[in-house]
Amino acid sequence: MNTQEYNECVQQYSDGIFRFIVNNMRDEFEAENIVQNTFEKLWVRKDTVEMKTAKAYLFKIAYNNMIDVIRKNKKHIDLESAGHLASESYEYDNLIEYVNKAVSQLPEKQKSALTLRDFEGHDYRSIGEITGMSESQVKVNIFRARKYIKEYINKLEVMMF
Amino acid sequence: MKLNKDNYELVMFDLLEGNLSERDELLVMEQIEGDEFLFREWKLFKSTILIADKEVNYNGKESLLKKESVTVVPMFAKWIAVAASICILVAVIVFWPQDKPTEITDNGKIIEVPLEEVTPEIQEPVVDELLVQSEVENPSVIPNVNKETRRPKVTEKQSSIKSVSAILAIKEAIQNMDEKQLSNHYEEIKANKLEVIANQEKESISERVPSIKDNKIEPILLDEPEVKIAFESPMELNSKQKVKLFVTNNSPRRIKEKANAFIAKVSNPKIRLKPNFKSKRPSLEIELETAGYQAIASIQPFKNRNN
């Protein structure tokens, strides 16, 4: 990969990576840092990375970086989400917010697989390469994620109406 | 494909993910539209699709972009490359080996031999005989050379070769002179020698120290040739005597020039050293072999190796 191709990657994938991280972490500041680190790593290894595999490579670096950050802040996040779960139930007034709330409560693998699938249109194989899962594991995780979101939305609808 | 309570979630998931064939999709959709529960469940499933917020963008792209790196080649490097190329070209032209084999004819002249006529067997032991015999007959054959320096050290291979080559060059030069020139040359030498003898009688021995001109010590003849008043006729001189005559009566610079000229004609010299240090009188033989020539010089650098 040359400099021109690297710049092309920045233009094409930086927004997607940023959204993927923001959706998973709900922290734009951390997401910016992760995007920056991701492209720095790509620049260092640009001679060994081909353009056609650059997208999966970038998302994999971003995903691993995100997991590291989440593990560091795990206790902090758990304490925050536990306190807000009950009180925020009635704060959402549209479906997208419900869904986002449900997604934020998903396990990390399910959340990552689902966001990669829906945000970036990755297939199961590509998601497996990024997250280190097999294709069947990816499919199961996405299924469980959708089922959880469906039930979450259904539960809220029952509570509201 | 029939939907029931056990499989409807999986089928709807596959329908949502696009994992079903068109035919299965149609069958499943018919069943979903015909059942209120299934229709509501399908609606909830569709709502699980995440929609990316396109307004959320990364603002630091400019800081990530890199500029094309340009390799700066200084101008002097180009000139150095050009100069080096010229030097190499000149060196190749100057030092390109001239594979023109030569041969000594019966009358002593050196001629070039066509390549197809050259055979490795052409070896005439000219120099060794010439060198050794001329030294025996007259130790002053080699001019302005100290006895010790005339015997080259084992490591001074190149100087030994030059000594041998010098004699060959002298021989060639004398052979190339015509008889009339040689006769005139002899007359001049005779007159010069007589004058030298007369001067020597006048001067004391102490006055014969090396003269200093412009802070440079002028070389002197260490072993001046014995002056013989009765010269042989040039007509009757053989090649050895001609060599002797040339060496005796020419300056070292002239001899060196002749030697260099001869060396230039000799192509692809092969030098072989044959040390013999085990005998009572250790010696070293130096062989110079070229196309058509072979010269052997034997030296004994160690008087007594046991001491």
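A:Phe39 touches A:Tyr6, A:Cys9, A:Val10, A:Tyr13, A:Ser14, A:Ile17, A:Leu58 and B:Leu64, leaving aside residues up to four places away in sequence; contact here means heavy atoms within 4.5 Å. This is a predicted model, in which local features need pLDDT of at least 70 and side-chain atom pairs count only at pLDDT 80 or more, while totals for chains, interfaces and linings use all residues. Residues are numbered from 1 along each chain as its sequence is written, chains are lettered from A in the order in which they are written, and side-chain values use heavy atoms, with hydrogens and water left out.

Let's step back to the interface. There, 36 residues of chain A are in contact with 29 residues of chain B. The two chains bury about 3100 Å² between them, with carbon and sulfur atoms giving 60% of that area; buried area is the accessible area (1.4 Å probe) that two parts lose on being put together, summed over both. On the chain A side, A:Arg19, A:Arg146 and A:Lys150 lose the most area to chain B, together 22% of what that side buries.

As for the residues of chain A that touch chain B, they divide into 16 nonpolar, 9 polar and 11 charged, with Asp, Glu, Lys and Arg counting as charged, Ala, Val, Leu, Ile, Met, Phe, Trp, Tyr, Cys and Pro as nonpolar, and the others, Gly among them, as polar.
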